[in-house]
Amino acid sequence: MSSNSSNFSTSLPSPHRAHRLRRTAAVALGLALAAALTGCAADSPPPEAAGPTVSMNASASAVDSRERLTVDGGTREYLLHRPAAEGGGPRPLLIAFHGRGADAEHLRKQSGLDRAAEARGMLLVYPEALGKAWGAGTAPTGQRPDPDADVRFTEALIAELVRTGRADPRRVYVAGFSNGGSMALRMAAQRPDLVAGAASVSGELPTGSAAVKPTGPVPVLIVYGAEDPVRPLAGLPSPGTAGPGEEPITATMSARASAEAFATAAGAGGPAEEGKPGYDSVTWQPGPAGAAVRLLVMHGAGHTWPGSAAAPPAGFGPVSTALDASSTLLDFLSPQRR
């Protein structure tokens, strides 16, 4: 744990008390709490006196809660999805970062990660960004004078879930979409001692004044639409002007250059390229540390999550049906250990 993330705490009940709350208050809370979970956005936090919002996922009896964590003197929120089967010790943990302008619930619906994580017995966390954007780059801005705040938040979140016995510190993974994908790559690049693997959908490494460079071997999967009109496959070296009051858009390198940067840091072998139905695959064979790097480029796809059942916003392009990105990235990440 970095010294920058030592000042954090949680105001939430222990997992045992949360279990009692679910058992004794199910009838009284039921529909009201489920509505609170799905309707609570990042810019509408619950009252400070409120405890975690708990609901039961009817499709799998998994437990969902909205929880809070105090970091750097401020309160941050996240959605937590726990598998239906309890016990068995700490679980593998996936932290999934939503895209710019979205929120945790949006990524949850867009990706369908709940089902994929449930099938693998994984603990799944969707953190909420400040101002609906992640500090995926290292350069300060007027809206984000401390570009490392989200790194510390993620470190503190992992530490809290490990401390409370819910997460296995050797099986911590990060993933994300778009700006959230870049945030996942930033965590893998800067904290290879903390992250066992990373996956990015439609997100690339920042470059220019906000550049992020991998510092050690981490298994990385990047999934990208060949026709992405928002964050092009070839990178975004000169982003357009952000809207009034919005945080500037961070420049990025290409998807392939992002993968190559991780392959170099891992001492991986040369790339092996293969055409698949609906996409192209490039794999850098694992180096001495065993960290493989893979890039999947989806034919004809836009700035979207492959396999998603949710309609993308206008102008984002089509969704690839060549594979299910959620299952693909968890199949890649699950075997990884730190």
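Helix H8, residues 325–333, has seven of its nine residues buried, so the helix is largely enclosed by the rest of the structure. The model described here is predicted. Strand E6, residues 123–127, is likewise largely enclosed by the rest of the structure, because five of its five residues are buried. Leucine 233, by contrast, is partly exposed.

**Helix H8**
- The buried residues of H8 are Ala325, Ser326, Thr328, Leu329, Leu330, Phe332 and Leu333.
- At the start of the helix, the backbone nitrogen of serine 326 lies within 3.0 Å of a side-chain oxygen of aspartate 324.

**Strand E6 and its pairing**
- In a regular strand, side chains alternate between the two faces of the sheet.
- From E6, Leu123, Val125 and Pro127 point one way, whereas Leu124 and Tyr126 point the other way, and all are buried.
- Strand E4, residues 74–82, runs antiparallel to E6 and is joined to it by four bridges.
- Strand E5, residues 91–97, pairs with E6 in the parallel sense through three bridges.
- Leucine 124 of E6 is the bridge partner of histidine 81 and also of leucine 94.

**Leucine 233**
- This residue is located in the loop between strand E9 (220–225) and helix H7 (255–265).
- Its relative accessible area is 27%, which makes leucine 233 partly exposed.
- Apart from residues up to four places away in sequence, leucine 233 touches Glu204, Tyr224, Gly225, Ala226, Ser254, Ala255 and Val297.
- Leucine 233 and histidine 303 are separated by 70 residues in sequence, with a C-alpha to C-alpha distance of 9.6 Å.

Notes. Residues numbered from 1 in each chain as written. Predicted model: local features only at pLDDT ≥ 70, side-chain atom pairs only at ≥ 80, totals over all residues. Heavy atoms only, no water. Buried < 20%, exposed > 50% of the residue type's maximum accessible area, 1.4 Å probe, protein only. Helix = DSSP H or I, 4+ residues; strand = E, 2+ residues; numbered from the N terminus. Polar contact = N/O pair within 3.5 Å; in protein donor to acceptor, adjacent residues only side chain to side chain. Pairing = 2+ DSSP bridges. Contact = heavy atoms within 4.5 Å.
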